Amino acid sequence: MTKLLQSSMFLLPLSITKKFAFSSSPVLLQAPKRTRTISTKMSIASPSQLTHTINLTSQPAEPVRVVAAPGISDSDFRNAIESSLFKRWLKNIQSATGLLADGAMTLEQVLIQGVDMFGKRVGFVKFKADVLDKKTGKKVPGIVFARGPAVAVLILLDSKGKTYAVLTEQVRVPVGRLLLELPAGMLDDDTGDFVGTAVREVEEETGIHLKIDDMIDLTAFLDPATGCRVFPSPGGCDEDISLFLYRGHASKEVITQLQGKETGLRDHGELIKVHVVLYERLWRMTSDAKVLMAIALYEMANRQELLPTQRR
């Protein structure tokens, strides 16, 4: 097999998820985490309605009633309120920058409307939160599609004096079309392993194997008050994304072999095709918000010389 990668890079064995290993020396930056304690109690108000009472530390005198919408089973209701997605939302709303932090608003009730399971794990939770603004006496919009934290990676490869970006083409049923996107994925557990998840998603979706030490957290350059995450659709979804950068070098042969490669966990319905595009054209090639946010963060961090020196 022709040697495809030069110096510190080597080609791993080929399969449907053909792997390329690259090496460089970026610095990983991580954002601090906050935690809050929450006490809960389950109860059944009537044979036809499931309810749950939550005592929040931010409003100890005002317990929150959680109710199951019609059609929600006992197991789905329990899965929803015990899920990391729901507990994480409760922590966020009580955090130092949360809606309940200064006492101007109060959480009165939560209606669990839907639960999607990924095997034995809760994948998505949809609920309606009744948050009251005490000054106006009015409720603020509170429909939530909870899917939790995610990661995405901007991969830039220098080859023959040109810089290329690696994208994935995926079937996106919600928008009814194929989209070119950054390699990305959801966190599968509560460990908070953002960079590890990013490396795994890149390998699954592109076949490229990256080292954790070579990843740069672009969102870590944001002001700490932001939480060092980006929110693509905060009007209806809780998803926050950590955006990472990888910069490396690749031969022309590698660029050619990546182009059009079919990857993904096909037994899970992931029908992914890899695309390699010139970086200078990237901002016009896709409407994926992850791509455009990553470009903005990368360009500003580069302009202000915040990025570590790229190792050749």
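**A walk through one predicted chain**

Hi everyone, let's start with L178, which sits in strand β12, residues 177-181. Helices and strands here are DSSP runs, numbered from the N terminus: helices are H or I with at least four residues, and strands are E with at least two.

A quick word on what you are looking at. This is a predicted model, where local features need pLDDT of at least 70 and side-chain atom pairs count only at pLDDT 80 or more, while totals for chains, interfaces and linings use all residues. Residues are numbered from 1 along each chain as its sequence is written, and side-chain values use heavy atoms, with hydrogens and water left out.

Back to L178. Is L178 buried, partly exposed or exposed? With 45% relative accessibility, L178 counts as partly exposed. Buried means under 20% relative accessible area, exposed means over 50%, and partly exposed is in between, using a 1.4 Å probe and protein chains only. The areas come from the Shrake-Rupley method with a 1.4 Å probe, and for residues only the protein chains shown count as cover.

Now let's zoom out. The chain contains 6 helices and 18 strands. Of its 312 residues, 46% are buried. The accessible surface comes to about 16100 Å², and carbon and sulfur atoms own 53% of that.

Let's go inside. The largest nonpolar core has 28 residues, and F86, W89, L107, V110 and F127 have the most contacts within it. Such a core is a set of buried Ala, Val, Leu, Ile, Met, Phe, Trp, Tyr and Cys residues joined through side-chain atoms within 4.5 Å. Among the elements that give two or more residues to this core are helices α1 (74-81) and α2 (84-94), along with strands β6 (105-118) and β7 (121-133). A separate second core has 25 residues, including A165, L180, I295 and L297.

Setting aside residues up to four places away in sequence, W89 touches L107, V110, F127, A129 and V144. Contact here means heavy atoms within 4.5 Å.

Next, helix α1. Which residues of α1 are buried? They are F77, A80 and I81. Looking down the axis of α1, these buried residues fall within an arc of 90°, so they line one face of the helix. That arc is taken from the directions from the helix axis to the C-beta atoms. As background, an α-helix has 3.6 residues a turn, so residues three or four places apart point the same way.

A salt bridge is a side-chain nitrogen of Lys or Arg within 4 Å of a carboxyl oxygen of Asp or Glu. D74 and R78 are 4 residues apart in α1, about one turn of the helix. D74 is partly exposed at 36% relative accessible area, and R78 is partly exposed at 32%.

How many salt bridges are there by this rule? The count is 10. Another one joins the side chains of R88 and D240, at 2.3 Å from N to O. This pair links distant parts of the chain, with R88 in helix α2 and D240 in the loop between β15 (216-217) and β16 (241-249), 152 residues apart. R88 counts as partly exposed at 22% relative accessibility, whereas D240 counts as buried at 3%. There is also a network of salt bridges linking R172, E181, D288 and K290.

C228 is not a glycine, yet its phi is positive, about 55°. C228 is in the loop between β15 and β16, and at 5% relative accessibility it counts as buried. E305 is not a glycine either and also has a positive phi of about 55°. E305 belongs to the segment after α6 (289-303), and at 70% relative accessibility E305 counts as exposed.
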